[in-house]
Amino acid sequence: MDIGFIGLGVMGQPMALNMARAGAPLVVWNRSADKAELLRAAGARVAGSARDVFAQTRIVILMLVDDAALDAVLERGTQQFAANVAWHLVVHMGTSSPDYSRRLEAEIRLAGGRYVEAPVSGSRKPAEAGQLVGMLAGEPSAVAEVRPLLQPVCKDTFMCGAVPGALVMKLAVNLFLITMVTGLAEAAHFADRHGLERDVFAAVLDAGPMASNVSRMKLAKLATQDFSMQASIADVLKNNQLIADAARQAEIASPLLDVCHALFGETLSLGLGRDDMIAVIRAIERRTASLG
């Protein structure tokens, strides 16, 4: 059974490559056609359009950047939408608002299709290594069909109940990630401005209970001033807004997140939207400079 995969960006391309290299019979499409060439070399078929992917497959995985991209690929709001999704199992692996996902599931089911949320936790490096963490939500039989397909992509997958449980879980995880990395950047800035040796600071953190793969990776990037993207400032700011919106809708306070939102917004305004999230240290440095 061929599987469709649409969206070969920073995360989607390595995810699809891992599936293809594991033997999954993929039919892929990406708006920028050059991104599909690595998949072609790995044995995937490259479709001429998103509509062609739906025509050739029954399960279609979507790893797209935002709601607008999802709507465009699905041709939502047109008569073609029902033709695309009827008798298909649509797997949404990107990050969107829970409300958007809830509405999308209802429309797909009304058109005769099935729907699974499967957002992932992790950035480009874990995606390349097949070490993402997957969160799954949807009708149990549909989730059971999707879960084994993600083995080449995810080291673990977790059941999160009905839609939009997986996306709410993803936002909760991202809230911790955003505040953690922002705190790490501020701590590194504090240590640096007090003249502490960066490698000793990193070693102390790594020896203690706060050590993690994220802290090691981000401290190494700070040490070399390598802000090449793993999770971009622009994408983190988008996630921050999604979490804030979900918090407001549920009448939940998010004081740490709100501070992070301001700092990532400032970093974006510096023209660093394509840099890695640890570049938030630039906003912290600018605030320090303003004190002088």
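Helix α12 gives the most to the lining of the second largest pocket, with 6 residues. Helices here are DSSP runs of H or I with at least four residues, strands are runs of E with at least two, and both are numbered from the N terminus. The model is predicted: local features need pLDDT of at least 70, side-chain atom pairs count only at pLDDT 80 or more, and totals for chains, interfaces and linings use all residues. Residues are numbered from 1 along each chain as its sequence is written, and side-chain values use heavy atoms, without hydrogens and water.

Stay with the pocket. A pocket is an open set of points on a 1 Å grid over the protein atoms alone, where a 1.4 Å probe fits, with protein on both sides within 12 Å along at least five of seven lines; lining residues have an atom within 4 Å of a point. The second largest pocket holds about 320 Å³ of space. Its lining has 19 residues, and V168, L171, I243, A246 and A247 are the closest to its centre. At least two lining residues come from each of α6 (98–110), α9 (165–193) and α12 (233–249). By class, 13 are nonpolar, 3 polar and 3 charged. Nonpolar means Ala, Val, Leu, Ile, Met, Phe, Trp, Tyr, Cys and Pro; charged means Asp, Glu, Lys and Arg; the others, Gly among them, are polar.

Now follow α9 to another partner. Two packed helices are described by the angle between their axes and the distance between the axes. α9 packs with α13 (residues 255–269) at an angle of about 65°, and their axes are 10 Å apart. Axes are lines fitted to C-alpha atoms over the stretch in contact, and angles run from 0 to 180 degrees between N-to-C directions. In this contact (heavy atoms within 4.5 Å), α9 uses L175, I178, T179 and T182, while α13 uses L256, L257, C260, L263 and F264. These residues divide into 7 nonpolar, 2 polar and no charged.

Next, the loops. Most residues other than glycine have a negative phi, and most peptide bonds are trans. Which bond is cis? The one from V163 to P164, with omega near 10°. P164 lies in the loop between β9 (154–159) and α9. W87 has a positive phi, near 65°. E251 also has a positive phi, of about 55°. E251 sits in the loop between α12 and α13. E251 is exposed because its relative accessible area is 75%, where exposed means over 50%, buried under 20% and partly exposed in between, with a 1.4 Å probe and protein chains only. I252 is found in the loop between α12 and α13. I252 is partly exposed, at 48%.

Terms used:
Points joined across faces, edges and corners; volume = space filled by probe spheres on them.
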